[in-house]
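Look at the model first, then read on.

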Amino acid sequence: DSDNFLNELAELYSYSEEADFQANLHCFENDFKFQGLAVTDQLWKRNYVQSLLDRLELSDRGQRMSVARALLYVMQGAFGLVTSVRELSQNAREFCFLVYANGG
């Protein structure tokens with residue numbers, strides 16, 4: 001089964017799981033703190049992904065879950081940081097490759 005990117009992403013979440021999608025965004029925003037960094041910067045993306053992967057090992061379950069949600073958010077394209085479907089798809093692809101390349 002293969003469809004366009006937005007339809008495939010929509011299939012991940014039913015209407016009852018929409019709150020999870022927003023929770024992932026919230027965890028990312030809390031983690032990221034929007035410090036004026038260029039999200040398109042490849043070095044920043046790599047360092048951020050590595051930081052998230054490292055923090056998946058935290059002993060505190062709440063912190064670990066928050067990091068996991070932030071990681072899921074960026075792997076789905078970081079929809080709040082893009083202006084087009086093309087950017088969303090490109091972000092998702094880049095972040096997924098970065099996670100894989102960094103041992104995630």
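Predicted model: local features only at pLDDT ≥ 70, side-chain atom pairs only at ≥ 80, totals over all residues.

Residues are numbered from 1 along each chain as its sequence is written, and side-chain values use heavy atoms, without hydrogens and water.

**Helix 3 and helix 5**
- The axes of helix 3 (residues 42-55) and helix 5 (residues 85-101) come within 9 Å and cross at roughly 55°.
- Helix 3 is therefore oblique to helix 5 (angles under 35 degrees count as roughly parallel, over 145 as roughly antiparallel, 65 to 115 as roughly perpendicular and the rest as oblique).
- Helix 3 contributes Gln42, Trp44, Lys45, Arg46, Val49 and Leu53 to the contact, and helix 5 contributes Asn91, Glu94, Phe95, Leu98 and Val99 (contact means heavy atoms within 4.5 Å).

**Helix 3 and helix 4**
- Helix 3 packs against helix 4 (residues 61-75) at an angle of about 145°, and their axes are 9 Å apart.
- From helix 3, the contact uses Tyr48, Leu52, Leu53 and Arg55; from helix 4, Arg64, Val67, Ala70, Leu71 and Val74.

**Phe79**
- Phe79 sits in the loop between helix 4 and helix 5.
- Phe79 counts as partly exposed because its relative accessibility is 27% (buried means under 20% relative accessible area, exposed over 50%, partly exposed in between, with a 1.4 Å probe and protein chains only).
- Leu25 is 54 residues from Phe79 in sequence, yet their C-alpha atoms are 8.5 Å apart.
- Beyond its neighbours within four places in sequence, Phe79 touches Phe21, Gln22, Leu25, Tyr73 and Leu88.

How values were computed. Axes fitted to C-alpha atoms, helices over the stretch in contact; angles between N-to-C directions. Helix = DSSP H or I, 4+ residues; strand = E, 2+ residues; numbered from the N terminus.
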